[in-house]
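Thanks for coming, everyone. Please bring up the sequence and the model, and we'll walk through them together.

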Amino acid sequence: MDMLTIGAFAKASRLSPKALRLYDELELLRPARVDPDTGYRYYAREQLEQARLVAWLRRLGMPLAGIRQVCALDPAAAAREIRAYWARVEAETAVRRDLAAFLADHLSVASSPLPPSSRKDTVMLELRYSAHSDPGRVRPANQDTAYAGTRLLAVADGFGPQGAPASSAAVQALKTLDTEEVPAGSVLNLLEDALQSATRAVHEVSPTEEAGTTLTAMLWTGSRLALVHIGDSRAYLLRDGELFRITHDHTMVQSMVDEGRLTVEEATVHPQRALLLKALSGGGAPVVPDLHLQDAQPGDRFLLCSDGLSGVVADVRIRQLLSSLPDPDDAVRALVGAANDAGGPDNVSCVVADLVAAAA
C-alpha cells in the first residue's frame with residue numbers, strides 16, 4: 001500500500017497536520033497506519049478523496065457531525081445531504097440578510113443631518129383591513145384565530161385538544177402591540193418580547209406538546225411591516241397585480257422540497273404534509289421564529305391566512321380574488337367562500353390589509 005506521511009498527506013489534501021490529528025481523535029478521518037513505536041501517522045493515497053471532501057465541507061462551514069454523516073453515505077446520498085445542508089444555510093442567511101439591511105438603513109437614516117421631511121416622502125400611510133374566521137365544512141369546531149387592528153395583523157391555527165384556547169392566547173398576547181405607535185428601530189425586539197409572552201400564554205392553556213398553534217403576524221411601524229412567523233400559516237403580498245409569498249412553511253414536506261427530496265407537486269399530496277417542524281406549544285424547547293422586515297408601498301395588499309385557505313385554494317385563484325375585489329371585507333369573505341367551495345376540509349381564517357394614504 002502506497003503510504004504518505006502526515007505532512008505529505010496534509011499538503012496533498014489541503015488539511016493541516018493539526019486538523020488531521022483532530023479528525024483522527026474524532027474518528028472522522030483515521031490514518032491507515034500508526035507506528036507503534038513513534039506514534040507517527042501514515043495515510044493511504046486512497047484516503048485523499050475523502051480528506052479533500054472533508055476539507056471542502058469545512059470550507060462550506062458544515063459542522064463536524066454533519067461531515068461525519070456525509071462521509072458515511074454513498075455519493076448520491078451524500079450529494080443530497082449537501083444540498084439539504086446548503087438549503088438550510090441559505091434560509092438562515094436570508095433572515096440575517098434582511099436584518100442587516102434593516103439595521104444599516106435604520107442607522108443611515110438616524111445619522112443623516114437632513115430633517116425627516118427632506119429625507120423621504122411625507123405622505124402618511126395607514127392600513128385598511130378586514131379579518132374573518134370560519135370553521136369550514138368538516139371540522140366540528142373552529143380552532144383558528146384571526147385579528148386585524150390599526151397596527152397588528154395576526155392569524156393563528158390551533159391544533160390538538162386545546163387548539164382553540166392556544167391560538168386565542170397567542171394572538172391575545174400580541175394585541176398589546178396594537179395600542180401605541182411602535183418605533184421602527186425597536187420593532188424586532190418588541191416582537192420577540194411579545195412572542196415570549198405568547199409562548200407563556202400557550203403554555204398556560206396547554207402545558208403539553210399535544211396542543212399548540214401556529215402564529216403569523218405583521219406589525220405596522222408607520223414605514224414598514226415587521227413579520228413574525230412560526231408554523232404553516234402564511235403571509236402574502238399582492239403588489240402591482242403579482243402575488244408573492246413572504247413566509248416559509250415550517251413543515252416536514254417544505255423542508256424536503258427545500259432539500260430537493262420532494263417536488264412542489266409531490267408535497268401537496270404527501271400524507272404528512274401537515275406535520276409541523278415549528279409551532280408554539282406547551283412542551284418542548286422554545287422555538288426560534290422567522291423575523292422579517294417588509295418594505296411597504298402605497299397600494300400594497302397583504303394577506304395572512306391559515307392553511308385552511310392555502311391548502312385547498314391555488315395561488316392563482318387567491319391572486320385573482322385579491323386583485324378583483326378592492327374592499328378588504330369583500331376579499332376576505334370571497335377567500336373564505338372559495339375554501340368552503342373547495343370542500344372546506346379545515347378551519348379557514350383570512351386577514352386582508354391594504355396600505356393606503358391616511359385621511360387628512
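Start at Leu-174. Leaving aside neighbours within four places in sequence, Leu-174 is in contact (heavy atoms within 4.5 Å) with Leu-152, Ala-194, Ala-198, Leu-215, Ala-217 and Val-228.

A word on the source. This is a predicted model, where local features need pLDDT of at least 70, side-chain atom pairs count only at pLDDT 80 or more, and totals for chains, interfaces and linings use all residues. Numbering runs from 1 along each chain as its sequence is written, and side-chain values use heavy atoms, with hydrogens and water left out.

Now the core around that leucine. A nonpolar core is a set of buried Ala, Val, Leu, Ile, Met, Phe, Trp, Tyr and Cys residues joined through side-chain atoms within 4.5 Å. Buried means under 20% relative accessible area, exposed over 50%, partly exposed in between, with a 1.4 Å probe and protein chains only. The largest such core has 26 residues. Leu-174, Leu-191, Leu-215, Val-228 and Leu-280 have the most contacts inside it. Who supplies at least two residues each? Strand 6 (152-159), helix 7 (163-174), helix 8 (187-205), strand 8 (215-220), strand 9 (224-230) and strand 13 (290-295) do. Helix 8 gives the largest share, seven residues. Another core lies apart from this one, with 22 residues, among them Ile-6, Ala-19, Val-54 and Ala-55.

Step back to the chain. It has 13 helices and 15 strands. These are DSSP runs numbered from the N terminus: helices are H or I, at least four residues, and strands are E, at least two. Of the 360 residues, 44% count as buried. Of the contacts with a separation of 6 or more, 66% are between residues 24 or more positions apart. The C-alpha trace spans about 85 × 60 × 40 Å along its principal axes.

Next, Leu-238, in strand 10 (residues 234-239). Buried or exposed? Leu-238 counts as buried because its relative accessibility is 8%. Not counting residues up to four places away, Leu-238 touches Leu-243, Gly-299, Asp-300, Arg-301, Arg-319, Leu-322 and Ser-323. Arg-301 sits 63 residues along the chain from Leu-238, yet their C-alpha atoms are separated by 5.0 Å.

Three strands form an open, antiparallel sheet in the order 1-3-2; strands pair if DSSP finds at least two bridges between them. Strand 1 (3-5) and strand 2 (33-34) are at the edges with a single partner strand each, so one side of each has no neighbour in the sheet. Three bridges join strand 1 to strand 3 (residues 41-44). Met-3 has Ala-44 of strand 3 as its bridge partner.
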